[in-house]
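Please look over the sequence and the model shown here before reading on.

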Amino acid sequence: MDPLLKITSIETLYYDRIYALRGLSLQVQEKEVFAVLGPNGAGKTTLLRTISGLLKDQPKKGVIEFGGKRIQRLPPEKISSLGISYVPEDRGLFRELTLKENLDLGCWGRKDQNIKDDFEFIFRLFPILKARASQQAETLSGGEQQMLAVARAMLRRPRLLMLDEPTLGLAPRVARHVYDALRQISQTGTTILLVEQNAKMALGIAHFGYIMESGRIVLEGTAQALQENEDVKELYLGIGGESVSPKGWRLYKKRRTW
Ligand SMILES: Nc1ncnc2c1ncn2[C@@H]1O[C@H](COP(=O)(O)OP(=O)(O)OP(=O)(O)O)[C@@H](O)[C@H]1O
Ligand SMILES: [Mg+2]
């Protein structure tokens, strides 16, 4: 089956000279969960922003195909209308609006009859949102804001949901709730691409993972293969679980032959 998202050799630069993505290629299969893992500065956020069209005139080189159509360098609203929803690391909420107003804006432009069902779905995923509907977004807890951001993105009925470190700064229990919700979203047939530093959490729900360092993919495989890979275990999963080993990352340097 053709991949839903196919990225071929893209290069993204900041200020025309700082390479953040250096010939990166990856593919995302429909209805699956794909995780991109990597250390600080690897280019994970840049990758999602490049796909979303948020970086003007980027990528400088390479091709991004979504559903068989080339989308690189299209304006962000066009890319969103094709079915890609992006939950940025800062969640991108309207902070001074209420939770409900944020959700209503998520439905902007929709005229179909399924909106009520979609609200029921997101309130089933995150019951707390219903109770806090009239609360201003900026006064919500970090976990509630993340849930709101995911819920709002789902109201676009995306074919591809992209998330940037959805559990950053959240307590483990809240992080698990968010991941449980992502699993349920995936089961409804929405394709998910998430970037994470928390390799253990991400590989727990992903079908396939990419490891990214210095703007390139340095390793890829099924989630199971990555979890069993000795380098991934040592550098990304850390001894004893969720903490990152202080030696850290740097598969690329370790294996310069790649
Ligand atoms: N707006 C910008 N202007 C210039 N350089 C940038 C900009 N944003 C990111 N970079 C640089 O691009 C590289 C990749 O950054 P990016 O934010 O994509 O990494 P990341 O993998 O998301 O890191 P983190 O895990 O810390 O979020 C870094 O070297 C960073 O300094
Ligand atoms: Mg980032």
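The text below goes through the sheets, a helix and the cores of this predicted model.

**The four-stranded sheet**

One open sheet has 4 strands in the order β2-β1-β4-β5, and its pairing is antiparallel. Its edge strands are β2 (18-28) and β5 (69-70), each of which pairs on one side only. Helix α1 (residues 44-52) packs on this sheet and touches β1 (5-14), β2 and β4. The direction of α1 makes about 110° with that of β1.

β1 and β2 form a hairpin with 3 residues between the strands, where Tyr15 takes a positive phi near 50°. Thr12 stands opposite Leu21 in β2.

**The six-stranded sheet**

A second open sheet has 6 strands, ordered β6-β7-β8-β3-β9-β10, with mixed pairing. β6 (84-87) and β10 (216-222) are at its edges with a single partner strand each, so one side of each has no neighbour in the sheet. On average, neighbouring strands here are turned by 15° against each other, direction ignored. Helix α1 packs on this sheet as well, touching β3 (33-37), β6, β7, β8 and β9 (208-213). The direction of α1 makes about 145° with that of β7.

| Strand pair | Bridges | Direction |
|---|---|---|
| β1 and β2 | 8 bridges | antiparallel |
| β4 (residues 61-66) and β5 | 2 bridges | antiparallel |
| β7 (residues 160-164) and β8 (residues 191-196) | 5 bridges | parallel |

**The cores**

The largest nonpolar core has 52 residues, and those with the most contacts inside it are Leu103, Leu161, Leu182, Ile185 and Leu194. Domain 1 (1-83 + 158-223) and domain 2 (93-157) both give residues to this core, so the core lies between them. Leu161 has Ile192 in β8 as its bridge partner. Among the residues that Leu161 touches, leaving aside those up to four places away in sequence, are Val87, Met154, Leu182, Ile185 and Ile192. Another core, apart from the largest one, has 27 residues, including Val36, Ala42, Ile71 and Phe208.

**Helix α3**

Leu103, one of the residues with the most contacts in the largest core, is also one of the buried residues of helix α3 (residues 99-106), together with Leu99, Asn102 and Gly106. These four lie on the same side of α3, because they cover an arc of only 95° around the axis. The buried residues of α3 pack against α4 (115-125), α5 (127-131) and α6 (142-154).

Key: Residues are numbered from 1 along each chain as its sequence is written. Chains are lettered from A and ligands numbered from 1 in the order in which they are written. This is a predicted model: local features need pLDDT of at least 70, side-chain atom pairs count only at pLDDT 80 or more; totals for chains, interfaces and linings use all residues. Side-chain values use heavy atoms; hydrogens and water are left out. Two strands pair if DSSP finds at least two bridges between them. Contact means heavy atoms within 4.5 Å. Axes are lines fitted to C-alpha atoms, for helices over the stretch in contact, and angles run from 0 to 180 degrees between N-to-C directions. Buried means under 20% relative accessible area, exposed over 50%, partly exposed in between (1.4 Å probe, protein chains only). The arc is that of the directions from the helix axis to the C-beta atoms. A nonpolar core is a set of buried Ala, Val, Leu, Ile, Met, Phe, Trp, Tyr and Cys residues joined through side-chain atoms within 4.5 Å. Domain bounds come from an automatic or database domain assignment.
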